[in-house]
Every structure is written in structure tokens, then in C-alpha cells.
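Hi,

Here is the structure I promised to pass on. Have a look at it first, and then read my notes below.

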Amino acid sequence: MATRLSLGAIIVVAIAAVLQTTLAQTTHVVGDSLGWLVPPGGPIAYSTWAALQTFTAGDILVFDFTTGQEDKLAISVTAGSGPTASPAPPPPPPSSPVPAPPRAPVTYVVGDGLGWLVPPGGAIAYATWAFRKTFMVGDTLVFNFVNGTQDVAVVTKSAYETCDTNITITVLTTSPAKITLTTTGEHYFTSTYPGHCTFGQQLAINVTASSGPTASPAPPPPPHSSPVPAPPRAPVTYVVGDGLGWLVPPGGPIAYSTWAFKKTFMVGDTLVFDFVNGTQDVAVVTKSAYETCDTNATITVLTTSPVKITLTTAGEHYFTCTYPRHCALGQKLAINVTAATPPTSYTSSPAFAPTAGGPAPLPFSSALYRSVVTFHVTFFSIVIAFFFS
Ligand SMILES: [Cu+2]
């Protein structure tokens with residue numbers, strides 16, 4: 001165990017210059033102070049770290065770790081440093097709407113801005129992406145990735161489920177991999193790189209005929225919006241984005257929709273937004289402001305991390321950030337809050353209890369109490385203004 005204690009093995013990997021070497025080298029310490037280890041928060045740690053860096057050909061990666069560990073990291077290396085090196089991820093293309101009957105072939109970029117990689121949030125990422133999309137014969141899937149760090153394996157359902165990447169139908173190794181869907185039925189994709197499948201780099205879609213009598217595309221399972229009438233349970237504290245925190249997410253808005261996807265939010269639950277003070281804020285907004293990213297129209301803005309918001313009303317709740325472009329780049333969260341108790345006891349006027357006495361007695365700090373009350377008062381004012389204007 002002496003070796004485990006002797007931190008000190010440092011591997012310096014020079015990124016092969018794709019086209020040219022550059023004058024200004026940057027040294028990136030992978031994970032920064034975290035170092036190179038099994039990250040406490042799972043794979044999101046390094047994908048997030050990498051997404052926030054700008055890698056240029058000629059840069060150096062430093063992996064600090066205790067001897068005996070090895071793992072993987074995928075990074076994007078741009079060729080040469082240009083004046084327009086942008087650290088911020090591009091806004092993902094708007095997700096395609098779903099017209100019902102036969103329509104022109106559609107080209108889908110898998111994962112949109114996220115691309116094709118081990119997704120930060122696990123397997124739910126691509127399931128979320130595919131959710132509500134209609135795939136028809138004639139459509140094309142485009143898989144964007146960094147060559148040499150990913151591939152696209154077309155696999156059977158069995159191989160998809162077991163992540164047995166020795167059994168592949170075909171493997172495409174060059175990005176962008178374009179696959180035109182030529183047959184109806186279920187199609188399965190993953191990556192043959194070790195661990196990638198089990199970490200969630202998997203896509204399953206159902207392809208319907210492009211024409212014919214069966215013109216009803218069947219969008220899959222339980223929708224995000226339907227409340228799950230689960231029996232009441234103790235209040236839950238959710239850290240928004242988990243290890244990602246609250247920021248402009250590397251993969252665009254899919255990050256927070258993915259995070260929220262299968263969670264059940266109930267009255268009495270608390271959201272915690274973690275961020276670096278002065279770089280983000282938490283704006284409670286209306287659906288309209290959420291959709292248009294009009295951050296001039298906010299219900300309330302909270303600026304000190306960690307922001308804790310206890311959910312006191314059922315229904316849809318929307319959050320974003322007022323910093324310029326943060327909303328447009330995907331820093332937005334929409335959740336649906338269900339009643340903590342059966343609806344019969346809760347239908348009349350759940351929202352604006354004058355004091356903090358919700359249906360669930362909650363212990364909270366005075367700061368939190370202030371937030372909640374501010375939210376109530378402001379929202380109530382807006383409702384009043386709405387009805388009397
Ligand atoms: Cu922000």
C-alpha cells in the first residue's frame with residue numbers, strides 16, 4: 001500500500017498535432033484539483049471538466065493520480081489556435097417537431113449538441129433525446145464524435161441490452177457517421193469502446209414506415225408531464241444537475257432536462273442550485289419567459305449559492321439564469337411538481353399560504369423562508385396584476 005500513498009506518478013501526454021504545432025501551449029491538469037481517479041460523482045466529472053476547456057493542438061494534458069489506476073478520457077482537440085476559440089458550447093439545434101402523417105425525410109443529429117459520447121447523465125441522455133421524436137424510413141441519423149475516441153456500432157437488441165460489443169452488426173469509425181434508416185422496427189446503436197456502453201452510450205429507436213396505412217407513429221413510454229401518483233413520501237432535496245451544478249451546461253439544454261427526466265418532484269421537496277457566486281444566478285420565471293429566454297421578466301432572482309428553493313405549489317415550475325445568453329445556451333430547468341398528498345385534500349388553493357405553512361411542515365432557515373416568501377409575494381403580485389390589467 002506504499003505505492004498507493006505515493007502520489008507522484010505523472011504522465012504527460014502530448015496531444016499529437018493534427019495539422020501543425022502552435023506557439024502557445026496550454027497545460028491542462030485533468031480534473032484540476034480532483035486529479036485522475038474514479039470521480040465521486042461518476043463520469044459527469046471529467047466530461048464536464050473537458051467540456052469547459054478549450055483544447056488546441058499542441059496542448060499538454062497532465063494526469064495526476066496514484067499508481068495503479070487507469071481509465072479513459074475523451075477530449076476534443078482543435079487544429080491550431082485561432083482568434084475565435086470559443087469556450088462556450090454551441091447552442092444545440094432546435095429539436096425537430098413531430099408532424100404526424102408522411103413527411104419529407106428528416107436528418108437527426110444524435111444527441112444534438114451533446115454529440116455521440118459517454119453522456120454526462122448516463123443512459124437517460126439518448127433516451128431523452130429520442131423521446132418524442134418520430135423516426136421514419138428514409139430518415140438519417142448523424143453521429144458526431146471525435147475520431148479515435150468513439151465509434152458507432154449497430155447492434156442487436158440483445159447486444160444492446162447486455163452491452164456485449166463483441167457482437168456487432170456493423171461498426172462505423174469515422175465522424176460524422178451517417179446512417180439512413182432503411183427498415184422499420186427497432187434499431188440499436190452503441191460504441192465498442194470499453195465501458196462506453198455500460199456508461200450509457202446507447203441509443204434505441206423505433207422506425208416506422210414512411211407511408212402506408214399505418215400512419216400513426218407511436219411515441220413511446222410515459223410522458224415527462226404526467227404526474228406519478230405515488231404514495232406520499234418524505235420530502236426530498238434535489239441538487240440541480242448533481243455534480244454538474246448550475247451553469248451553462250456543456251451539452252446544451254438537454255443536460256437539465258435529462259437531469260429532471262425521471263425524477264418526481266413533490267410539494268415539500270427542495271431544489272438546491274450550486275454555483276460560483278457572481279457567475280450565475282437563479283431566476284424563477286414564467287413558462288413564457290422560460291421558452292423565450294426573456295430574462296427581463298423574472299418572478300424572482302436569487303444570487304447567492306447555494307440557492308435553496310422549497311417547492312410549495314403543484315404544477316410547472318421554470319428556472320433559468322439572467323446572465324447574458326446563459327438561458328439561450330441551455331441553462332434552464334422546467335419541472336412539474338405534484339401534490340404531496342392525494343389531490344382530494346389539495347385542490348382548492350394550495351399556492352399562496354400567507355405564512356410558510358404548506359401541507360408539509362418543513363424546517364428551514366430564515367434565508368430559505370425569505371426566499372419562499374419572496375417567491376410567494378412576487379408571484380402573487382403578478383397574478384393580481386394579470387387579473388386586473
Ligand atoms: Cu448562468
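How many bridges join β7 to β10, and do the two run parallel or antiparallel? Three bridges join them, and they run antiparallel. Before you go further, keep in mind that this is a predicted model.

Next, the aromatics. There are 14 aromatic pairs in the structure. Take F143 and F189: their ring centres are 5.3 Å apart and their planes sit at 55°, so this pair is tilted. F143 is in strand β6 (residues 140-143) and F189 is in β10 (residues 185-190), so the pair ties together parts that are 46 residues apart in sequence. F143 is buried, at 0% relative accessible area, and F189 is buried too, at 1%.

β10 turns up in another pair, Y160 with Y188. The centres there are 4.9 Å apart with the planes at 45°, so that pair is tilted as well. Y160 belongs to helix α4 (residues 157-162) and Y188 to β10, so parts 28 residues apart in sequence are tied together. Y160 and Y188 are both buried. Coming back to F143 and F189, ring pairs link them with W116 and Y126 into a cluster.

One more ring to look at: K332 lies over the face of Y290, 4.5 Å from the ring centre.

Finally, the cores. The largest nonpolar core has 26 residues, and W246, L271, F273, F319 and L333 touch the most other members. The elements giving it two or more residues are α5 (254-260), β14 (270-273), β15 (282-285), β16 (298-302), β17 (307-310) and β19 (332-338). If you click on L271, you'll find contacts beyond four places in sequence that include Y238, W259, F265, F319 and I335.

Cheers

Technical notes:
Residues numbered from 1 in each chain as written. Predicted model: local features only at pLDDT ≥ 70, side-chain atom pairs only at ≥ 80, totals over all residues. Heavy atoms only, no water. Core = buried A, V, L, I, M, F, W, Y, C linked by side-chain atoms within 4.5 Å. Buried < 20%, exposed > 50% of the residue type's maximum accessible area, 1.4 Å probe, protein only. Helix = DSSP H or I, 4+ residues; strand = E, 2+ residues; numbered from the N terminus. Contact = heavy atoms within 4.5 Å. Phe/Tyr/Trp six-rings, centres within 6.5 Å; stacked < 30°, edge-to-face > 60°. Lys NZ or Arg CZ within 6 Å of the ring centre and 35° of its normal. Pairing = 2+ DSSP bridges.
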